[in-house]
Amino acid sequence: MNVRIAPSILSADFAKLAEAVALAERAGADLIHVDVMDGHFVPNLTIGPPVVAALRRATRLPIDVHLMVENPRFFIPLFHEAGADWISLHVEATAHLHKDLTMIRGLGRKAGVALNPGTPAHALDEILGELDYVLVMSVDPGWGGQAFIPSCLGKIRDLRDRIRARKLEIPIEVDGGLKLDNVGEVIEAGMEIVVAGSAVFEAPDPAGAIRELKRIAAGYNR
Ligand code: DX5
Ligand code: ZN
(Lines give C-alpha, C1' and ligand atoms only; values in the text may rest on other atoms or scores of the structure.)
(Ligands and ions follow the chains in the order given, each with its own letter.)
Protein backbone atom coordinates (compact mmCIF):
# COMPACT_ATOMS: atom_id res chain seq x y z
CA MET A 1 0.00 0.00 0.00
CA ASN A 2 1.33 3.39 -1.02
CA VAL A 3 -0.50 6.32 0.52
CA ARG A 4 -1.37 8.87 -2.17
CA ILE A 5 -1.78 12.63 -1.84
CA ALA A 6 -4.64 14.46 -3.56
CA PRO A 7 -4.43 18.25 -3.11
CA SER A 8 -7.88 19.86 -3.27
CA ILE A 9 -7.86 22.95 -5.46
CA LEU A 10 -10.91 24.30 -3.58
CA SER A 11 -8.45 26.23 -1.40
CA ALA A 12 -6.28 27.39 -4.33
CA ASP A 13 -6.54 30.80 -6.00
CA PHE A 14 -9.24 30.20 -8.63
CA ALA A 15 -7.62 32.85 -10.85
CA LYS A 16 -4.44 30.74 -10.93
CA LEU A 17 -5.61 27.14 -11.15
CA ALA A 18 -3.10 26.17 -13.85
CA GLU A 19 -0.28 27.33 -11.57
CA ALA A 20 -1.80 25.44 -8.62
CA VAL A 21 -1.96 22.11 -10.46
CA ALA A 22 1.51 22.58 -11.97
CA LEU A 23 2.89 23.24 -8.50
CA ALA A 24 1.10 20.18 -7.11
CA GLU A 25 2.44 18.00 -9.91
CA ARG A 26 6.03 19.22 -9.42
CA ALA A 27 5.80 18.66 -5.66
CA GLY A 28 4.81 15.01 -6.12
CA ALA A 29 1.01 14.99 -5.80
CA ASP A 30 -0.64 11.80 -7.05
CA LEU A 31 -4.10 13.14 -7.95
CA ILE A 32 -5.81 16.51 -8.30
CA HIS A 33 -9.00 16.62 -6.20
CA VAL A 34 -11.76 18.81 -7.67
CA ASP A 35 -14.80 19.69 -5.55
CA VAL A 36 -18.00 20.11 -7.53
CA MET A 37 -20.84 21.74 -5.55
CA ASP A 38 -24.24 22.56 -7.01
CA GLY A 39 -25.85 24.89 -4.46
CA HIS A 40 -28.48 22.22 -3.69
CA PHE A 41 -26.81 19.13 -2.22
CA VAL A 42 -24.50 21.56 -0.42
CA PRO A 43 -25.09 25.31 -0.06
CA ASN A 44 -22.10 26.35 -2.13
CA LEU A 45 -21.40 26.59 -5.84
CA THR A 46 -17.99 25.83 -7.28
CA ILE A 47 -16.62 24.14 -10.37
CA GLY A 48 -18.26 22.78 -13.52
CA PRO A 49 -17.13 20.72 -16.53
CA PRO A 50 -15.48 23.62 -18.46
CA VAL A 51 -13.07 24.20 -15.58
CA VAL A 52 -12.26 20.49 -15.42
CA ALA A 53 -11.62 20.55 -19.19
CA ALA A 54 -9.19 23.43 -18.69
CA LEU A 55 -7.46 21.60 -15.83
CA ARG A 56 -7.22 18.54 -18.05
CA ARG A 57 -5.03 20.57 -20.42
CA ALA A 58 -2.91 21.86 -17.51
CA THR A 59 -1.83 18.59 -15.85
CA ARG A 60 -0.98 14.99 -16.57
CA LEU A 61 -2.14 13.90 -13.11
CA PRO A 62 -5.41 12.00 -12.77
CA ILE A 63 -8.30 14.36 -12.01
CA ASP A 64 -10.41 13.17 -9.09
CA VAL A 65 -13.85 14.78 -9.31
CA HIS A 66 -15.87 14.78 -6.08
CA LEU A 67 -19.50 15.41 -7.01
CA MET A 68 -21.41 17.09 -4.20
CA VAL A 69 -24.49 17.45 -6.35
CA GLU A 70 -28.08 16.29 -6.50
CA ASN A 71 -28.92 14.09 -9.47
CA PRO A 72 -25.28 13.07 -10.07
CA ARG A 73 -26.32 10.87 -12.99
CA PHE A 74 -26.99 13.99 -15.06
CA PHE A 75 -23.43 15.25 -14.54
CA ILE A 76 -21.44 12.03 -14.97
CA PRO A 77 -21.21 12.17 -18.81
CA LEU A 78 -20.35 15.87 -18.69
CA PHE A 79 -17.39 15.35 -16.36
CA HIS A 80 -16.33 12.28 -18.30
CA GLU A 81 -16.20 14.34 -21.49
CA ALA A 82 -14.31 17.07 -19.64
CA GLY A 83 -11.57 14.58 -18.79
CA ALA A 84 -12.24 13.47 -15.22
CA ASP A 85 -10.42 10.21 -14.43
CA TRP A 86 -12.04 9.43 -11.08
CA ILE A 87 -15.65 10.36 -10.32
CA SER A 88 -17.26 10.00 -6.91
CA LEU A 89 -20.86 10.68 -6.00
CA HIS A 90 -22.57 10.84 -2.63
CA VAL A 91 -24.62 7.90 -1.42
CA GLU A 92 -26.99 10.48 0.09
CA ALA A 93 -27.55 12.14 -3.31
CA THR A 94 -28.83 9.26 -5.38
CA ALA A 95 -31.54 6.63 -5.13
CA HIS A 96 -29.78 4.61 -7.86
CA LEU A 97 -26.27 4.05 -6.59
CA HIS A 98 -25.66 0.82 -8.49
CA LYS A 99 -26.92 2.27 -11.75
CA ASP A 100 -24.84 5.44 -11.42
CA LEU A 101 -21.64 3.56 -10.54
CA THR A 102 -22.20 1.23 -13.48
CA MET A 103 -22.47 4.29 -15.69
CA ILE A 104 -19.11 5.66 -14.47
CA ARG A 105 -17.38 2.32 -14.95
CA GLY A 106 -19.03 1.88 -18.35
CA LEU A 107 -17.37 5.13 -19.39
CA GLY A 108 -14.01 3.67 -18.36
CA ARG A 109 -13.54 5.90 -15.32
CA LYS A 110 -12.87 4.98 -11.71
CA ALA A 111 -16.08 4.99 -9.69
CA GLY A 112 -16.20 6.12 -6.07
CA VAL A 113 -18.85 6.64 -3.43
CA ALA A 114 -18.64 9.44 -0.89
CA LEU A 115 -20.12 9.19 2.62
CA ASN A 116 -21.21 12.16 4.68
CA PRO A 117 -20.11 12.13 8.34
CA GLY A 118 -23.58 10.95 9.42
CA THR A 119 -23.67 7.99 7.04
CA PRO A 120 -22.43 4.66 8.46
CA ALA A 121 -19.85 2.41 6.79
CA HIS A 122 -22.41 -0.38 6.42
CA ALA A 123 -24.35 1.78 3.94
CA LEU A 124 -21.88 0.44 1.34
CA ASP A 125 -22.17 -3.27 2.19
CA GLU A 126 -24.26 -4.12 -0.87
CA ILE A 127 -22.18 -2.07 -3.28
CA LEU A 128 -18.55 -2.66 -2.24
CA GLY A 129 -17.97 -5.02 -5.14
CA GLU A 130 -18.86 -2.29 -7.66
CA LEU A 131 -16.49 0.35 -6.36
CA ASP A 132 -12.98 1.50 -7.23
CA TYR A 133 -12.61 3.67 -4.12
CA VAL A 134 -14.54 5.07 -1.16
CA LEU A 135 -14.43 8.73 -0.14
CA VAL A 136 -15.06 9.26 3.56
CA MET A 137 -15.99 12.86 4.38
CA SER A 138 -14.43 13.87 7.67
CA VAL A 139 -16.20 17.26 7.65
CA ASP A 140 -19.70 18.14 6.51
CA PRO A 141 -19.21 18.86 2.81
CA GLY A 142 -19.48 22.38 1.48
CA TRP A 143 -16.37 24.29 2.45
CA GLY A 144 -12.65 23.91 2.91
CA GLY A 145 -10.87 24.76 6.12
CA GLN A 146 -13.18 22.98 8.60
CA ALA A 147 -12.03 20.88 11.57
CA PHE A 148 -11.69 17.07 11.25
CA ILE A 149 -14.60 15.26 12.97
CA PRO A 150 -12.92 12.74 15.31
CA SER A 151 -15.76 10.16 15.19
CA CYS A 152 -14.89 9.57 11.53
CA LEU A 153 -11.80 7.63 12.64
CA GLY A 154 -13.96 4.76 13.88
CA LYS A 155 -15.88 4.73 10.62
CA ILE A 156 -12.67 4.56 8.59
CA ARG A 157 -11.55 1.53 10.65
CA ASP A 158 -14.98 -0.05 10.27
CA LEU A 159 -14.88 0.44 6.51
CA ARG A 160 -11.33 -0.91 6.25
CA ASP A 161 -12.40 -4.04 8.16
CA ARG A 162 -15.43 -4.57 5.92
CA ILE A 163 -13.27 -4.21 2.79
CA ARG A 164 -10.67 -6.64 4.16
CA ALA A 165 -13.32 -9.15 5.25
CA ARG A 166 -14.50 -9.29 1.64
CA LYS A 167 -10.88 -9.60 0.40
CA LEU A 168 -11.34 -6.52 -1.74
CA GLU A 169 -8.73 -3.90 -2.55
CA ILE A 170 -10.61 -0.64 -2.42
CA PRO A 171 -8.62 2.38 -1.25
CA ILE A 172 -10.22 4.68 1.28
CA GLU A 173 -9.87 8.36 0.45
CA VAL A 174 -10.49 10.76 3.33
CA ASP A 175 -11.51 14.37 2.78
CA GLY A 176 -11.79 17.22 5.26
CA GLY A 177 -9.70 18.73 8.02
CA LEU A 178 -6.54 16.78 7.23
CA LYS A 179 -3.38 18.53 8.39
CA LEU A 180 0.25 17.59 8.90
CA ASP A 181 -0.45 16.88 12.57
CA ASN A 182 -3.40 14.48 12.20
CA VAL A 183 -2.73 12.70 8.92
CA GLY A 184 -0.69 9.93 10.59
CA GLU A 185 -3.49 8.69 12.83
CA VAL A 186 -5.95 8.73 9.93
CA ILE A 187 -3.55 6.65 7.81
CA GLU A 188 -3.27 4.24 10.73
CA ALA A 189 -7.08 3.95 10.74
CA GLY A 190 -7.07 2.95 7.05
CA MET A 191 -6.80 6.05 4.83
CA GLU A 192 -4.83 5.43 1.64
CA ILE A 193 -5.64 8.65 -0.25
CA VAL A 194 -5.21 11.96 1.56
CA VAL A 195 -7.27 14.93 0.35
CA ALA A 196 -5.80 18.18 1.61
CA GLY A 197 -7.07 21.60 0.64
CA SER A 198 -6.29 24.33 3.15
CA ALA A 199 -3.31 22.38 4.55
CA VAL A 200 -1.70 22.76 1.12
CA PHE A 201 -2.98 25.88 -0.57
CA GLU A 202 -3.24 28.07 2.53
CA ALA A 203 0.23 27.07 3.69
CA PRO A 204 3.00 29.66 3.20
CA ASP A 205 4.78 27.08 1.01
CA PRO A 206 2.19 24.86 -0.74
CA ALA A 207 4.79 22.72 -2.52
CA GLY A 208 6.60 22.21 0.77
CA ALA A 209 3.31 21.16 2.41
CA ILE A 210 2.75 18.51 -0.31
CA ARG A 211 6.30 17.24 0.09
CA GLU A 212 5.83 17.05 3.86
CA LEU A 213 2.55 15.13 3.47
CA LYS A 214 4.34 12.76 1.07
CA ARG A 215 7.16 12.31 3.58
CA ILE A 216 4.73 11.48 6.40
CA ALA A 217 2.75 9.14 4.15
CA ALA A 218 5.92 7.35 3.01
CA GLY A 219 6.49 6.35 6.64
CA TYR A 220 3.38 4.15 6.37
CA ASN A 221 4.05 2.61 2.94
CA ARG A 222 4.35 -1.15 2.91
C1 DX5 B 1 -15.23 19.95 1.35
C2 DX5 B 1 -14.45 19.36 0.20
C3 DX5 B 1 -13.01 19.17 0.48
C4 DX5 B 1 -12.23 20.40 0.87
C5 DX5 B 1 -11.31 19.98 1.96
O6 DX5 B 1 -16.58 19.82 1.12
O7 DX5 B 1 -14.98 18.12 -0.22
O8 DX5 B 1 -12.36 18.48 -0.59
O9 DX5 B 1 -11.48 20.96 -0.18
O10 DX5 B 1 -10.69 21.09 2.47
P11 DX5 B 1 -9.76 21.02 3.76
O12 DX5 B 1 -8.62 20.08 3.43
O13 DX5 B 1 -9.32 22.44 3.92
O14 DX5 B 1 -10.59 20.52 4.90
ZN1 ZN C 1 -13.73 16.93 -1.72
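Start at the zinc ion (ligand 2): its site is octahedral, with angles of 70 to 167 degrees among six donor atoms. Octahedral here asks for six donors, with opposite ones over 155 degrees apart and all others between 65 and 115. This is a predicted model, where local features need pLDDT of at least 70, side-chain atom pairs count only at pLDDT 80 or more, and totals for chains, interfaces and linings use all residues. Residues are numbered from 1 along each chain as its sequence is written, chains are lettered from A and ligands numbered from 1 in written order, and side-chain values use heavy atoms, with hydrogens and water left out.

**The zinc ligands**

Select His33, Asp35, His66 and Asp175. They are the protein donors of the zinc ion (ligand 2), through NE2, OD, ND1 and OD respectively, at 2.0 to 2.3 Å. A donor is an N, O or S atom within 2.8 Å of the metal (3.2 Å for Na, K and Ca); water is not among the atoms, so sites may look incomplete. Along the chain the spacing of the donors reads H-x1-D-x30-H-x108-D.

**Strand β2**

Now colour β2, residues 32-37. Strands (E, at least two residues) and helices (H or I, at least four) are DSSP runs, numbered from the N terminus. Which way do the side chains of β2 point? Ile32, Val34 and Val36 go one way, while His33, Asp35 and Met37 go the other. Six of the six residues of β2 are buried, so the strand is largely enclosed by the rest of the structure. Buried means under 20% relative accessible area, exposed over 50%, and partly exposed in between (1.4 Å probe, protein chains only).

Look for aspartate 35: its bridge partner in β3 is histidine 66, and both are among the zinc donors.

**The whole sheet**

Zoom out. Eight strands make an open, parallel sheet in the order β1-β8-β7-β6-β5-β4-β3-β2; two strands count as paired if DSSP finds at least two bridges between them. β1 (4-7) and β2 sit at the edges with a single partner strand each, so one side of each has no neighbour in the sheet. From one strand to the next, the twist averages 25 degrees. Axes are lines fitted to C-alpha atoms, for helices over the stretch in contact, and angles run from 0 to 180 degrees between N-to-C directions.

Move on to β4 (residues 86-90) and β5 (residues 110-115), parallel and joined by five bridges. Isoleucine 87 stands opposite alanine 111 in β5. Helix α4 (residues 97-106) packs on the sheet here, touching β4 and β5, and its direction makes about 145 degrees with that of β5. Contact means heavy atoms within 4.5 Å.

Select α1 (residues 17-27) and show Leu17, Ala20, Val21, Ala24 and Ala27, which are buried. They cover an arc of only 130 degrees around the axis, which puts them on the same side of α1; the arc is that of the directions from the helix axis to the C-beta atoms. On the other side, Glu19 and Arg26 are exposed. Among the elements covering the buried residues of α1 are β1, β2 and α8 (206-218). Just after α1, glycine 28 has a positive phi of about 105 degrees.

Last stop: α3 (residues 72-82), where Pro72, Ile76, Phe79 and Ala82 are buried. These fall within an arc of 130 degrees seen down the axis, so they line one face of the helix. Which residues are exposed on the face turned away from the buried side of α3? Phe74 and Glu81. The cover over the buried residues of α3 includes β2, β3 and α4.

How values were computed: Tetrahedral: all angles 85-135°; square planar, octahedral: opposite > 155°, others 65-115°.
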